[in-house]
Amino acid sequence: MIEKNVDVSIPIGPLHPALKEPLRIKLHTVGERVVDAEVELGYMHRGIERILKGKPWNKAVYLAERVCGICSNIHCMTFIETLEKISDVEPTPRAKYLRVIVNELDRIQSHLIANVSYFLGIEHETLAMYTLDVRENSMDLLEMVSGNRVHMSWNVLGGVRWDIEDHHLKTILEMLDRMEPRIRRYMGMFEHGPLLQLRSRGIGVLSYEDAVKVPAVGPVARGSGHPESDWRLRHPTYRDIFDFKAISRKEGDNTARVLVRFDEIFQSMNLIRDAIDNLPKGNIQNKGRVKAGEGFHSGEAPRGELKYFVKTDSAGKIDDITIRTPTRLNLETCARYMLAGSPSIADAVAIYASIDPCIACTEG
Amino acid sequence: MIFDKLKNFVRRKSFHVTYADAGSCNGCSIEVLATICPRYDIEQYGIFVHHPNPREADILIITGCVTEQWKTKLKELYDKIPEPKVVVAVGSCACSGGIFDQEGKRVYPPIKNFIPVAAEVPGCPPRPSEILDAILGVAPIVFKDYDKKEANK
Ligand code: SF4
């Protein structure tokens with residue numbers, strides 16, 4: 001138990017206007033100031049790891065991407081890459097590029113909705129609507145490329161499901177050119193809006209030391225000056241072909257986290273442009289089959305490091321699987337270092353939204 | 001009589017929506033969120049979506065298969081909403097359990113075992129326009145002459 005002098009304990013959730021997903025946050029307050037916070041999970045547990053056990057790998061792909069609906073593609077990609085690591089299959093050069101294109105489109109879409117929920121968290125509806133409107137364009141691109149808005153099943157063993165045609169590539173480039181100035185404008189509105197900054201700057205500060213201690217991952221860590229937390233730096237395609245550099249900011253407050261996401265959107269756009277310009281010709285799938293074995297693999301989800309542990313048997317079935325999602329770490333960081341010390345209860349909601357939580361992932 | 005007409009008129013075009021996530025993968029949740037964006041713009045039909053609050057809602061949107069914790073809470077949530085009310089189940093998960101209704105599951109679908117459902121929108125996830133279509137299609141039917149129907153029961 002906490003032995004601090006606490007005036008009131010305020011529960012937020014499980015159903016609360018500010019939360020998109022059910023979870024309970026308990027804020028211990030002195031006056032308006034929050035001194036401690038507890039997070040209670042358990043409303044979204046679907047037992048997805050248990051369902052996955054004993055499934056053939058090709059069925060497991062569909063389940064793995066339904067761990068999360070916002071960052072669906074990265075789950076599919078990391079799962080397939082783990083299998084490829086176990087069974088020594090390499091994707092074809094063209095497939096590597098196509099994977100990057102869809103992965104980055106998915107990241108754009110996810111970062112935009114993360115910022116939307118932050119803007120709704122600080123009650124700035126205009127900016128939220130603008131950002132949500134731009135997001136529809138990236139959803140259109142995803143639908144055009146893969147045939148579905150959310151769950152794309154884009155990656156298969158040794159490649160991708162199908163090819164992107166040339167006129168579609170052209171449409172992607174055109175659409176990105178149209179989206180970029182709009183997103184820049186909204187970023188400027190956020191960065192230079194005095195009232196928006198009043199609610200964001202210096203709120204929910206996470207120092208570099210604390211970020212490394214838990215550790216925080218994804219834009220939360222990069223907002224606190226920890227660029228090595230980006231796992232794309234260690235991904236063979238990003239590292240060797242695209243010469244990827246991670247973005248970070250020093251401040252560690254809500255503003256930094258939102259701006260890191262905005263910056264990463266532009267970075268993703270440049271990655272997509274790069275990939276389309278240098279797209280090699282050739283096959284999109286390598287043949288191969290899943291062997292028995294076990295392995296770890298990490299990928300960079302829009303929210304941070306996503307880790308898969310998979311054990312397969314010789315028939316290609318999943319023997320054991322463990323998924324660690326980024327929000328698990330970020331929630332811990334948020335409750336321990338960011339919510340405790342929040343100047344008011346209204347800011348607590350904004351701080352919680354700024355880490356871009358995804359409870360469905362976390363509980364599986 | 002005049003009073004009934006007035007009620008019908010008012011109820012035709014002013015709904016409050018509340019939204020609950022009973023264990024979805026978030027795919028359906030973001031498609032519900034996408035209905036408020038300027039392209040689909042649920043508010044132009046007189047539907048108020050911000051700040052979901054069951055106590056003043058008319059329409060309850062539920063996504064997801066029912067998890068252990070939600071088994072008892074769904075009914076509680078439903079009872080909090082004042083009459084007349086409409087429940088729209090969004091997504092294959094809410095309609096039948098979808099992909100999670102397999103061996104080893106920890107979920108208890110479908111939603112309609114727990115609370116009465118007026119409309120089901122299948123799809124994994126359904127498009128925002130389909131969700132919008134379901135809400136706009138079913139709500140006026142339930143709300144029209146509601147008091148008369150109740151009296152005749
Ligand atoms: S129906 Fe599909 S998208 Fe919707 S919650 Fe279920 S798995 Fe996710």
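Tutor: Happy to! Let's begin with the word contact, which here means heavy atoms within 4.5 Å. By that rule, chain A brings 41 residues to the contact and chain B brings 38. Keep in mind that this is a predicted model, in which local features need pLDDT of at least 70 and side-chain atom pairs count only at pLDDT 80 or more, while totals for chains, interfaces and linings use all residues. For bookkeeping, residues are numbered from 1 along each chain as its sequence is written, chains are lettered from A and ligands numbered from 1 in the order in which they are written, and side-chain values use heavy atoms, with hydrogens and water left out.

The area buried between chain B and chain A comes to about 3500 Å² (the accessible area, with a 1.4 Å probe, that two parts lose on being put together, summed over both). Carbon and sulfur atoms give 62% of that area.

Four salt bridges cross it (a side-chain nitrogen of Lys or Arg within 4 Å of a carboxyl oxygen of Asp or Glu). One to look up in your viewer pairs B:Arg127 with A:Glu143, at 2.5 Å from N to O.

Which elements of chain B touch chain A? Strand S1 (15-21), helix H2 (27-34) and helix H3 (70-80) of chain B each supply at least two residues; helices (H or I, at least four residues) and strands (E, at least two) are DSSP runs, numbered from the N terminus. H2(B) has the largest share, five residues. Sorted by class, this side of chain B holds 20 nonpolar, 10 polar and eight charged residues. Here Ala, Val, Leu, Ile, Met, Phe, Trp, Tyr, Cys and Pro are nonpolar, Asp, Glu, Lys and Arg are charged, and the others, Gly among them, are polar.

S1 and H2 of chain B turn up again in the largest pocket, where they join helix H4 (93-121) and helix H13 (345-354) of chain A in supplying at least two lining residues each. A pocket is an open set of points on a 1 Å grid over the protein atoms alone, where a 1.4 Å probe fits, with protein on both sides within 12 Å along at least five of seven lines; lining residues have an atom within 4 Å of a point. The volume of the largest pocket is about 830 Å³, counted as the space filled by probe spheres set on points joined across faces, edges and corners. Among its 37 lining residues, A:Pro17, A:Ala18, A:Leu19, A:Lys20 and A:Leu120 are the closest to the centre. H4(A) gives the most, five residues, and the lining as a whole counts 23 nonpolar, eight polar and six charged residues.

One last stop is A:Glu123, in the loop between H4 and helix H5 (125-146) of chain A. Its phi is near 65 degrees, a positive value in a residue other than glycine.
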